[in-house]
Amino acid sequence: MKLWHWLLTLLLSVSPRLGLAAAQQESPKIPDNYVACKSADEFEQSVEYFRSEKTLELNDSQVVKWSLTISRGCTGALKRFKQIYELLNKSGVDLRKCVEMAASFSKKSDEQTKSFAGLFKTFFLENYFDLDFMTAFEVSEKLSQNPAKSEYARKDFEKLYKFCTDQNKLGLPFKNCAQYSLGLLKHYDLFPEGIYPAFELTYFFLTNQAGAVLSVKEALETTSEVLAAGPLAPENFKRAFNYSVSKKGLDTSMKQSMRIALEVAKASLKEKTP
């Protein structure tokens, strides 16, 4: 009887701890700086998806390779992959290439993926900008990196691109305009109200008042340098140029005034000191 009483007491003391251990195994604690991923779900579902896509004609090794790649993108990776793969598939590009390009989105956020899809439809599938596939993909990918601002960036890109390709303005080749516009948009975070107004102001100043010393190519390059220094740079450039070239100011040559104005414009933005 004493032995039975002892065993019962032991079981009662141990069972709560066993229950706690089991609960901890079912819901492991994840450090705050990590995200828990259902990678097995993503892997298994990816295998089934690729097996069902007969047009891809992937062998078992390729199925495993791409399924593993997608599983590394964490929960929701296959959904993001499928959204972009099926979108790119409409473009007529080689299916294997579509898989490779779509796989990169399995590691991105849902917001970035959604943003890219909307941009790509505008830039390529709707054929509004006359961009080739790779340029449209590159533009859409870069503008979707900051989903919260992608719509503002798209509007800026549209204005810059139209100005650049317009035969009555610059009339430059489509691809060159796309690359230049993308280059400018690296700085659009500095311009809360959009970068295009500052671009237009700076470019017209350079070609009207400093046109004697700058070609179109040089004016575009100088404009980009000025805008890289933020929203005050265009006005600082203009004032420094006018002062340098003025007889009441430095009375220097157009070229020298341009160099001085550019240096002044580059000083328009400074990082905060601790």
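This tour moves through the structure in stages, naming at each stage what to select and what is found there.

**The whole chain**

The model is predicted, so local features need pLDDT of at least 70 and side-chain atom pairs count only at pLDDT 80 or more, while totals for chains, interfaces and linings use all residues. Residues are numbered from 1 along each chain as its sequence is written, and side-chain values use heavy atoms, with hydrogens and water left out.

Begin by colouring the model by secondary structure. The protein has 13 helices and zero strands. Helices here are DSSP runs of H or I with at least four residues, strands are runs of E with at least two, and both are numbered from the N terminus.

Next, display the surface. Its accessible area is about 16800 Å², and carbon and sulfur atoms account for 55% of this; the areas come from the Shrake-Rupley method with a 1.4 Å probe, and for residues only the protein chains shown count as cover. Of the 274 residues, 39% are buried. Buried means under 20% relative accessible area, exposed means over 50%, and partly exposed lies in between, with a 1.4 Å probe and protein chains only.

Contacts, meaning heavy atoms within 4.5 Å, link separated parts of the chain. Among contacts between residues at least 6 apart in sequence, 64% join residues at least 24 apart.

**Helix 6 and helix 7**

Select residues 110-125, which form helix 6, and residues 133-143, which form helix 7. Two packed helices are described by the angle between their axes and the distance between the axes. For this pair the angle is about 145° and the axes are 9 Å apart. Axes are lines fitted to C-alpha atoms, for helices over the stretch in contact, and angles run from 0 to 180 degrees between N-to-C directions. On the side of helix 6, the contact is made by Phe116, Leu119, Phe120, Phe123 and Phe124. Helix 7 contributes residues including Phe133, Phe137 and Leu143.

The buried residues of helix 6 include Gln112, Ser115, Ala117 and Thr122. Helix 4 (77-89), helix 7 and helix 8 are among the elements that cover the buried residues of helix 6.

**The loop between helix 6 and helix 7**

Most residues other than glycine have a negative phi, and most peptide bonds are trans. Asp130, in the loop between helix 6 and helix 7, also has a positive phi, of about 60°, although it is not a glycine. Asp130 is partly exposed, at 42% relative accessibility.

Now select Asp132, in the loop between helix 6 and helix 7. Is Asp132 buried or partly exposed? With a relative accessible area of 36%, Asp132 is partly exposed. Not counting residues up to four places away in sequence, Asp132 touches Phe124 and Lys175. Show Phe174 as well: its C-alpha atom lies 9.2 Å from that of Asp132, although the two residues are 42 apart along the chain.

**Helix 8**

Select residues 150-165, which form helix 8. Its buried residues include Ala153, Phe157, Leu160, Tyr161 and Cys164. Helix 6, helix 7, helix 9 and helix 10 are among the elements that cover the buried residues of helix 8.

**Helix 10 and its neighbours**

Select residues 196-208, the 13 residues of helix 10. The buried residues here are Tyr196, Ala198, Phe199, Thr202, Tyr203, Phe205 and Leu206. They pack against helix 8, helix 9 (174-184), helix 11 (216-227), helix 12 (233-245) and helix 13 (254-266).

Ala198, Leu201, Thr202, Phe205 and Leu206 in helix 10 meet Pro234, Phe237, Lys238, Phe241 and Asn242 in helix 12.

**Helix 12 and helix 13**

Finally, display helix 12 together with helix 13. Their axes are 8 Å apart, at an angle of about 145°. Residues in this contact include Phe237 and Phe241 of helix 12, and Met254 and Met258 of helix 13.

End at Asp251, in the loop between helix 12 and helix 13. Asp251 is not a glycine, yet its phi is positive at about 55°. Its relative accessible area is 43%, and Asp251 is partly exposed.

Notes. The expected span of a helix is 1.5 Å times one less than its number of residues.
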